[in-house]
Amino acid sequence: QVQLVESGGGLVQPGGSLRLGCAASGSIFSINTMGWYRQAPGKERELVTVITSGGNTNYADSVKGRFTLSRENAKNTVYLQMSSLKSEDTAVYCCYALLRSSSGRLYDYWGQGTQVTVSS
């Protein structure tokens with residue numbers, strides 16, 4: 001069984017920083033992609049950032065220059081460093097992983113979500 005465990009959400013003032021973590025555990029042969037989505041009330045779910053197995057990262061335009069996604073391969077963990085946070089960054093952030101099993105199959109997994117609130 002695969003589990004995604006998120007950490008680091010909370011309340012932060014505008015202009016502040018938070019670091020989210022997502023650790024994938026279980027029967028994982030390899031990671032295809034890992035990243036983060038977010039969804040605010042009344043808005044569509046947005047892909048924030050992903051990192052591929054080759055280490056390439058992609059960011060939503062709304063977070064480019066402010067968010068940085070990194071990976072610690074040995075722990076099957078990704079980190080999202082969020083800086084210069086704005087009120088519009090307030091959302092539930094969900095970790096996403098596309099993982100490959102030992103048989104070569106790809107499976108999607110989602111974390112339960114962690115709340116990020118940017119407010120003074």
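**Strand 9 and its surroundings**

In the hairpin of strand 9 and strand 10, 5 residues lie between the strands, and Gly 104 among the hairpin's residues takes a positive phi near 95°. Strands here are DSSP runs of E, at least two residues long, numbered from the N terminus (helices are H or I runs of at least four). This is a predicted model: local features need pLDDT of at least 70, side-chain atom pairs count only at pLDDT 80 or more, and totals for chains, interfaces and linings use all residues. Residues are numbered from 1 along each chain as its sequence is written, and side-chain values use heavy atoms, leaving out hydrogens and water.

Now follow the pairing. Two strands pair if DSSP finds at least two bridges between them. Strand 10 covers residues 106–110 and runs antiparallel to strand 9 over 5 bridges. Ala 97 faces Tyr 109 of strand 10. Strand 4 is antiparallel to strand 9 too, with 9 bridges. There, Gly 35 stands opposite Tyr 96 of strand 9. Strand 11 joins strand 9 through 3 antiparallel bridges. Tyr 93 stands opposite Thr 114 in strand 11.

Is strand 9 mostly covered or mostly open? It is mostly covered, with 8 of its 10 residues buried. Buried means under 20% relative accessible area; exposed is over 50%, and partly exposed lies in between (1.4 Å probe, protein chains only).

Next, the core. The largest nonpolar core has 29 residues. Such a core is a set of buried Ala, Val, Leu, Ile, Met, Phe, Trp, Tyr and Cys residues joined through side-chain atoms within 4.5 Å. Met 34, Trp 36, Phe 67, Leu 80, Met 82 and Tyr 93 have the most contacts inside it. Strand 9 gives the most to this core, 5 residues.
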